[in-house]
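I opened this notebook to record what I looked up in the structure. The entries follow in the order in which I made them.

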Amino acid sequence: MSELPAAAGVAEAPAGELKRSITGRLLFFYVLGDVLGSGVYVLIGAVAGAVGGAFWIAFAAGVALATITGLAYAELATKYPQAAGAALYVGKAFKNPALTFFITICALSAVFAASGSLATGFARYFGSLVPVVPALVVTLLFVLALTIVNFIGITESVVANMVMTFVEVAGLVIVVIIGIVHLSRGDADPGVLAEFSTGGASPIFAIVAGVALAFFAMTGFENAANVAEETVDPSRTFPRALIGGMVAAGVIYVLVAMSAALVVPVQTLAEAPAALLTVVEAGVLPVPVSVMTVLFALIAMTAITNTTLVSVVTQSRILYGMAREDVVPRVFARVHPTRRSPHVALGFSAVVVALLLVVGSVVDVGDVDLVERLAAVTVVFLLFIYALVIVSALKLRREPAGPDAYRANTPLLYLGIVGNAVLLTYVVVDDPASLFWVAGLLAVGVALYLVQRLRGGRRPAAAGRE
Amino acid sequence: MHVVVATDGSVQSLDAARQLKAFADPAKVDDVTVVAVISPLAAVPFVNDLGPAVSGVRDPGSLSFRQEAHDATSAVMAEFEGWGAAVHRHLRSGSPAAEIVRAAVELDADLVVVASGGQGLTETVLLGSTAQRVQHSAPCPVLVARPKRAPR
């Protein structure tokens with residue numbers, strides 16, 4: 001860690017004018033930390049319930065599909081390194097301003113929903129330590145706290161980001177160790193890893209259901225595009241760090257899933273509000289359960305906090321970018337005079353997420369819980385975005401790229417489009433009610449656009465012309 | 001001597017550059033290096049409030065924070081045009097205070113000029129400003145330009 005500060009000065013650009021700070025190693029940990037926090041701590045119980053003991057397969061498949069999408073992102077981010085992501089790529093590929101606007105709104109909605117889901121997951125772990133505070137209060141305070149942290153600007157600390165990633169990995173290593181110890185004692189039945197709880201239906205459906213949920217666990221990798229512009233030697237570093245981070249996260253997920261299935265009955269995992277805690281509470285390690293529970297809950301909350309922080313950053317950055325393009329009211333581009341953070345965009349994002357949480361806790365239907373519902377909503381948006389990003393990567397092959405730009409494997413990209421499309425169809429068919437949430441979030445974006453139009457701003461059509 | 005002038009794209013940072021010019025002897029300043037630091041992980045890595053208000057970025061999503069930082073340094077560099085000293089640009093990325101100090105060390109600066117816009121609670125109680133952190137660990141004297149208070 002001591003050599004980190006020096007890394008910032010390593011890349012000597014011509015005349016010493018430019019110095020980029022994101023090295024391959026930093027990017028790797030950024031991706032790993034961002035990805036790890038999102039899913040496994042929050043959703044592992046739901047995936048286990050959907051698939052059965054073999055739910056590690058769902059994680060493996062979800063990771064594989066996400067990594068293919070990651071290849072497309074790597075190709076595009078090295079080709080167009082501006083800190084932008086999906087909206088820029090789709091804009092360049094299709095040159096259709098309405099579609100670009102729609103993708104931007106989708107990306108914004110996806111992070112809103114993801115933040116809501118993560119905040120709810122945070123509250124579950126928090127509730128295991130301090131049961132008296134109502135979950136809704138915890139989630140709202142959590143969102144408020146992260147917004148303030150972002151306003152102050154603590155997130156700019158690269159070192160803090162690495163420390164949080166180490167903590168996240170440590171938590172998952174604990175789970176894997178528990179699994180190994182349990183297995184080596186001969187207490188576990190490895191046969192559970194091949195069991196499907198499908199109730200007679202084909203295991204394929206069970207796996208697809210699991211993958212749809214497990215996919216949420218991989219979200220966050222696309223935020224790497226945020227820092228592409230500041231990456232040292234991007235055409236070489238970026239693909240390696242991005243794919244490396246995703247694969248590392250995937251391996252950890254599969255091991256954690258196997259471990260959890262070996263130690264705790266799948267039924268217990270599926271029903272527990274904070275599923276990974278049940279693994280720790282199984283008392284496999286010779287450490288008092290109460291100590292482990294507190295420690296692990298803290299680790300889980302750190303992990304979720306890290307990922308939510310990045311999504312809060314992403315929300316305000318998307319809003320800021322749209323305001324700069326005059327697509328949404330200009331006020332979102334306003335930055336605080338001394339803290340230099342987009343306080344209006346941050347505040348608005350917090351309000352939207354808070355509304356999601358309040359609506360979710362007041363009106364939500366009984367059978368699907370809020371974490372899963374918001375995760376499904378996130379996944380709907382993301383699958384659509386990911387599929388379009390891959391299509392954009394293929395379309396943009398016609399455009400000239402730099403001599404050493406990264407080029408993804410073409411058949412894999414086609415496989416990625418099919419995979420994303422299949423999953424998207426499944427999620428929508430399986431949980432049509434999530435479409436109401438999708439529509440609600442899209443309405444927020446459209447409302448902002450209409451406000452801007454009515455105040456005499458430009459259409460995205462005009463903004464999009466090159 | 002070599003003066004490092006930091007800008008975060010704010011109007012205050014431009015005022016700081018002007019304050020340097022107001023009292024410093026151009027004959028004694030050989031080099032002025034304008035430094036801007038981009039914070040890649042922050043919500044908005046760099047904002048340029050200097051120069052003409054650009055209405056609408058042409059290409060959707062093409063907003064480049066590096067370009068913003070470049071433009072901000074250009075605006076500050078223009079202040080020193082014809083002043084006498086050789087003017088340089090230096091863009092870095094990372095944590096602003098740490099990178100300004102590092103730039104001062106690398107460039108063997110004799111003076112660092114920063115603006116401190118803060119008057120509020122967040123500056124004094126919560127974290128301290130970039131200016132405070134720079135003067136705490138800079139390898140040379142630091143000129144901290146404060147905003148003028150409105151007369152009461």
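**Entry 1: a helix of chain A**

I listed the buried residues of α3(A) and found A:Val40, A:Tyr41, A:Val42, A:Leu43, A:Ile44, A:Gly45, A:Ala46, A:Val47, A:Ala48, A:Gly49, A:Ala50 and A:Val51. Buried means that 20 or more other C-beta atoms, placed from the backbone, lie within 10 Å of the residue's own. Helix α3 of chain A spans residues 40-51 and is mostly covered, with 12 of its 12 residues buried. I then noted A:Gly52, which follows α3(A) and has a positive phi, near 110°. Helices (H or I, at least four residues) and strands (E, at least two) are DSSP runs, numbered from the N terminus.

The model is predicted: local features need pLDDT of at least 70 and side-chain atom pairs pLDDT 80 or more, while totals for chains, interfaces and linings use all residues. Residues are numbered from 1 along each chain as its sequence is written, and chains are lettered from A and ligands numbered from 1 in the order in which they are written.

**Entry 2: the sheet of chain B**

I traced an open sheet of 5 strands in chain B, in the order β3-β2-β1-β4-β5, with parallel pairing. Strands pair if DSSP finds at least two bridges between them. β3 (86-93) and β5 (142-145) of chain B each have a single partner strand, so one side of each lacks a neighbour in the sheet. I found 8 bridges joining β2(B), residues 31-38, to β3(B). B:Val37 stands opposite B:Arg92 in β3(B).
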